[in-house]
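Subject: Structure handover

Hello,

Please find the structure below, followed by notes on what came out of it.

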Amino acid sequence: MVTMELDSAEGLRISPPAKSFDDVHYSRLIHTIGKEAVEALHRSKVLILGCRGVGAEIAKNLICSGIGGVGLVDEDVVSNKDLGAHMFLKEGDVGQNRAVATARNLSELNPSAEIVTLSVTALEASIKNYHVVAATVGSFPYLVHLNNLCRSVGVYFVAAIAHGIFSFVFVDLGEMFSFVDQTAEPVGLLLVESITQDCPATITVVEEQRHGLADGDEVIFYGVRGMEEVNKTVPYPVSVTGTSSFTIPVDSRTFGRYISGGYFHKLKRAKDLAFLPLGQSLNSPDICTFDSANASLIPHLHIGFQALDEFETRKNGASITGGGSAFSEQDLDELLKVANELWDHSVFAGKEAAHSNGKIDTADVVKDGQLEERPIFEIRSSGSKLRQEKDSQDGLKSRLSDFETDGRGMAPDEDGGSQDVGISTRTREGPVKKMSEAEGRNDKIDSTIVRFLAQSWHTELCPIAAIIGGVASQEVIKAISKVLVPLHQWLYFDAMDCLPSQQLPPEDRAASDSRYDFQISLFGRNFQQSLKDSKWLVVGAGGIGSELLKNLVLMGVGCSSEGQIVVTDMDNVSKSNLTNQALYQIEDIGRPKTPTAARALRRLNPAAQIHALQEKFELDSESVFDSSFFESISGVLSAVDTASSRLYIDMRCVSYRRPMIDGGKHGTKGSVQVFVPFNSEMYASTQDAPEHKEIPICTLRNFPYATEHTIQWAVTMFESLFKQRPLDVNAYLSSRDYQDNIRKSAPTARLPILETLRDALVRQRPLSFEACVQWARLQFEELFSNNIKQLLFNFPPGMTTTAGAPFWSGTKRIPTPVIFDPSQRLHIDFIVAASNLQATVYGLKGCQDRLLLVDIIHKMDIPHFEPKEGVKIAISDNELRGSTQRRGYHSADDNDAIDTCAALLKELPTPATLAGYRLSPIEFQKDDEHNFHAEFVAAAANLRASNYGIPFAEKLQARLVGGQVIPAMITSTAVVGGLMCLELYKLLLQKPLADHRHTYFNLALPLFCYAQPLKAVEHTVTRVQGTPLTWTLWDRFEMDCVDMKLEKFLAEFKRQHGLDITMISYGKSLLYAEFLPRKKLQDRMSLTLLELITVVGKVTIPAIESKAIFSISCTDANDNDVEVPDVVAKIR
């Protein structure tokens, strides 16, 4: 139970119950940054100054990530407008202390976190009790004071400040900060092909791998046979000699001769990074920017923030938590004077950014005990091109290197901007062009940026809070865990591309004590109404979907009687979801996601109109998401995990001309892509890297050489034994079609199926748990001893290939049979897991008494195994495919198989004799710690590894692979959700394509990249009459074809469009083609289009569906085959 105690010194304290670290709960996070890093979070506490939107986002992200404790400081009270960017405040909290209300609602996220509220007077005395201070409000003088105080007691400091569309993050991790792991990605094991007896010794890796090392990297060897002397815990520095070879400074001439085997991995060494305190860094900033073209804006933002802060202090006095009223025209004039004063005295006046080629001033800085020069200010690009990193679940485009980032400029008003206080979007020839004309010199601060910043100063936007909160909380996690590359030291983010293109009258931006006041002050009341009246489909309610939905309802999207958010997802909430899906709580585990999310969203905003569906968005659900549905929505927000799902969503959006915003994530990486009707290319137009690197079947079956192979093999065995085998048995007992298919299959294909059925229903059908144990012991012998003996019989040690090379070399590691030993824990682990799973399949009660199991095993007689002659084992997938294809031909093997199959059929009981009898198939469940699923996979994988001398896997690793768990962090998920909503602003504002952005990032580095969406390609077709047809993928031929027969349709299409149709298809069905037999053509000419679909295509069109989309091929005026748009035909 969560307890709350009121502490006079601190305020509200929410103390957690005693709770141990839960690997399953944090499995996705562990998969991303490692277990040690997550444990470090569990032991740490963070103090957050300011509980507005950014502060709440940081707290949310840290608490979901397992932080041990959070302290909240905010003495302001909740107002209505706070509700528009804060998911932990409700209407009933208005008028209450913001920190207390936030703490009370945050406590529902993770009961293991201690949440405390502190007063401002207790703040400074309490800093020493925390590991990091994250400040989200405060004047610069106060932040400098707070930063210095943190430094004095060894506490890390992060500032994350957001004002409307402008924001920054600043990081100070002390004079010297050491971090261990730059990426937190698993260390790859590399196989040794050979080691020379030489000085220095040359190591070659197997042909299938590249070592990826650089000179000076250090490696550790183990498992090398023959030259065991290199198997030391001491790392060796390397000198690279090629992509597959390197040397180590060792005289191996006296070592034993290398025989075989061996692995090595690169050692991760700590790296040091020096930081300046905020007071110094303000005047000598080291700034990371999204792209080089954006760098010219950064100095103006850096001084602009300080100018606004200084002006506010002069006008309203110093304030820790901010505040203040809107700016008058006189205020703006005074503000610009302050800004120019600061500019004239800054390092930017008349200087170029350090990333340019021009010379800049430098200052002496002490680093590593040495005096060195450093730029007075430096703007570092975090990369204009993203590395080609792609995983199935993150949607990152490997082709991003083909995209050129373009400038993000802003044009000041012709009169200098002194008359207009409203906001309008900048053009892309603004300061970038102006500064280039001035030969790169910054002679004057950009007044337009200052005015935009002033307009935003007293506002807060939900998407910006999500983005900056995600970045800042990731930096807090880096500071605590010493994992990933810290931000050094400034990062500015703006969303000026989102602002209205036209100036707004003051009355359209006036406050009305509404939860949307902040948003209205920037975008206007009419735009707010368009947000509320819009209707969006959200596909996916997982990590990205959860963050996205939260943002949408806070923004007011679909929150009127005319608007709606339709969300569909067929999954249920699992324990591992809780670390990156803040809409769900512990009590929601096992519940369907969408209705659970809908309830949470209505608590955030009672006006939210949420329609929750539990449909998978696919071909089978097109009767739900039909043409009338698509015509009713504004667009689709894709929050799915796979490229195949994105492709289907993309196809549907293009068919119905609806925009699509897609979000993807994988660990610390994320992407957002936007596809705009009639303007951009579609998702399918770009080429994704493969979702998975497929492991060859023969590698899994017989020649594994990496831990991932042994785990995947174990997962395959789990599926085969405990899922597919029961499914096959149940199909045999219940389906006549299944029985007929068995009889019709080739004898060699039929044989293993019948053997499985015979064993499951006769020879190995257990009637007691003791029989399950006996079965498990026989499985052990078969999998880890007999199969290996057969493999070595077919390919004995010392065997050579036809080329004379050793067969057992390279990635083919010679295996060793495992001899069962009941004193070995791993061996009994397998027996316990396998026997209990077998009992579950057959509806028997299990047992975990290891002594009992060992006693049962001791009483068994294990049959002696002799390898068989004539057993064929494929050594490559090509050979395996060839043997599979040859099954279509009758062979001598078939004669033997026919006789054996006949005998098996006689031994099998008929379905009638087992009426009602069924087995229980098992789906792998990753979040249950007591179901033996992960235990079986881990034990089987490690026994397999024992066979081949491969490093063992941990049970958590088996759980992640078996459950297909995607690495995930709520930090990157939050950034994706915020970026998607910025693109939604642009879509509703009907921004030009040039204002939209594909965004790709990796918070681990940190690395950000923008790319402008590609313009849709135009095609031109010459027609028989009229002007040429110019079209893009978004165009359609629309025709009224109710009761229209095919013959008339062909003629009418040619009359209207001047093209001859040569082929018509609907989905996968070919309805018409010129090359079809004449009789078929004659028969089909008299059918209506609807009859063609139902009779020829054998597809039933739902009664409510009035339109059908046909793909056609045509010939042009020159009788050439040409591509043309689809036909949208009204058929009812």
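How much space lies in the largest cavity? About 100 Å³. This is a predicted model, in which local features need pLDDT of at least 70 and side-chain atom pairs count only at pLDDT 80 or more, while totals for chains, interfaces and linings use all residues. Residues are numbered from 1 along each chain as its sequence is written, and side-chain values use heavy atoms, with hydrogens and water left out.

Cavities

A cavity here is a set of points, on a 1 Å grid over the protein atoms alone, where a 1.4 Å probe fits but cannot get out; lining residues have an atom within 4 Å of a point. Grid points are joined across faces, edges and corners, and a volume is the space filled by probe spheres set on the points.

The lining of the largest cavity consists of 13 residues, and those nearest its centre are Phe493, Leu982, Glu983, Lys986 and Tyr1010. Two elements give two or more residues to this lining: strand S22 (490-494) and helix H30 (970-988). H30 gives the most, with four residues. Helices (H or I, at least four residues) and strands (E, at least two) are DSSP runs numbered from the N terminus. By type, the lining of the largest cavity has six nonpolar residues, one polar and six charged.

Cys981 counts as buried because its relative accessibility is 0% (buried means under 20% relative accessible area, exposed over 50%, partly exposed in between, with a 1.4 Å probe and protein chains only). Leaving aside neighbours within four places in sequence, Cys981 is in contact (heavy atoms within 4.5 Å) with Pro463, Leu548, Asn551, Leu552 and Met555. Cys981 and Val672 are 309 residues apart in sequence, with a C-alpha to C-alpha distance of 10.0 Å.

Most residues other than glycine have a negative phi, and most peptide bonds are trans.

- The peptide bond from His488 to Gln489 is cis, with omega near -15 degrees; Gln489 is in the loop between helix H12 (462-481) and S22.
- The peptide bond from Leu1005 to Pro1006 is cis, with omega near -15 degrees; Pro1006 sits in the loop between strand S29 (998-1002) and strand S30 (1007-1011).
- Gln990 is not a glycine but has a positive phi of about 55 degrees. Gln990 is in the loop between H30 and S29 and is exposed, with a relative accessible area of 70%.
- Asp1043, also not a glycine, has a positive phi of about 60 degrees. Asp1043 is in the loop between strand S33 (1036-1040) and helix H31 (1046-1057) and is exposed at a relative accessible area of 64%.

Aromatic pairs

Across the whole structure, 47 aromatic pairs were found. Rings of Phe, Tyr and Trp (its six-membered ring) pair if their centres lie within 6.5 Å; planes under 30 degrees apart count as stacked, over 60 as edge-to-face and the rest as tilted. Phe780 and Phe784 form an edge-to-face pair, because their ring centres are 5.3 Å apart and their planes stand at 65 degrees. Both residues lie in helix H23 (residues 769-794), four residues apart, about one turn of the helix. Phe780 is buried at 0% relative accessibility, and Phe784 is buried at 0% relative accessibility too. Ring pairs also link Phe780 and Phe784 into a cluster with Trp713, Phe718, Phe722, Trp775, Phe820, Phe830, Phe924 and Phe936.

A buried serine

Ser456 is in helix H11 (residues 447-456) and is buried, with a relative accessible area of 0%. Not counting residues up to four places away in sequence, Ser456 touches His163, Gly164, Ile165, Phe166 and Leu522.

Chain totals

The chain has 33 helices and 38 strands. Of its 1132 residues, 58% count as buried. Among contacts with a separation of 6 or more, 73% are between residues 24 or more positions apart. The accessible surface of the chain comes to about 46600 Å², of which 50% belongs to carbon and sulfur atoms; areas come from the Shrake-Rupley method with a 1.4 Å probe, and for residues only the protein chains shown count as cover.

Regards

Methods: On a 1 Å grid over the protein atoms alone, a cavity is a set of points where a 1.4 Å probe fits but cannot get out, and a pocket is an open set with protein on both sides within 12 Å along at least five of seven lines; lining residues have an atom within 4 Å of a point. Ala, Val, Leu, Ile, Met, Phe, Trp, Tyr, Cys and Pro count as nonpolar, Asp, Glu, Lys and Arg as charged, and the others, Gly among them, as polar.
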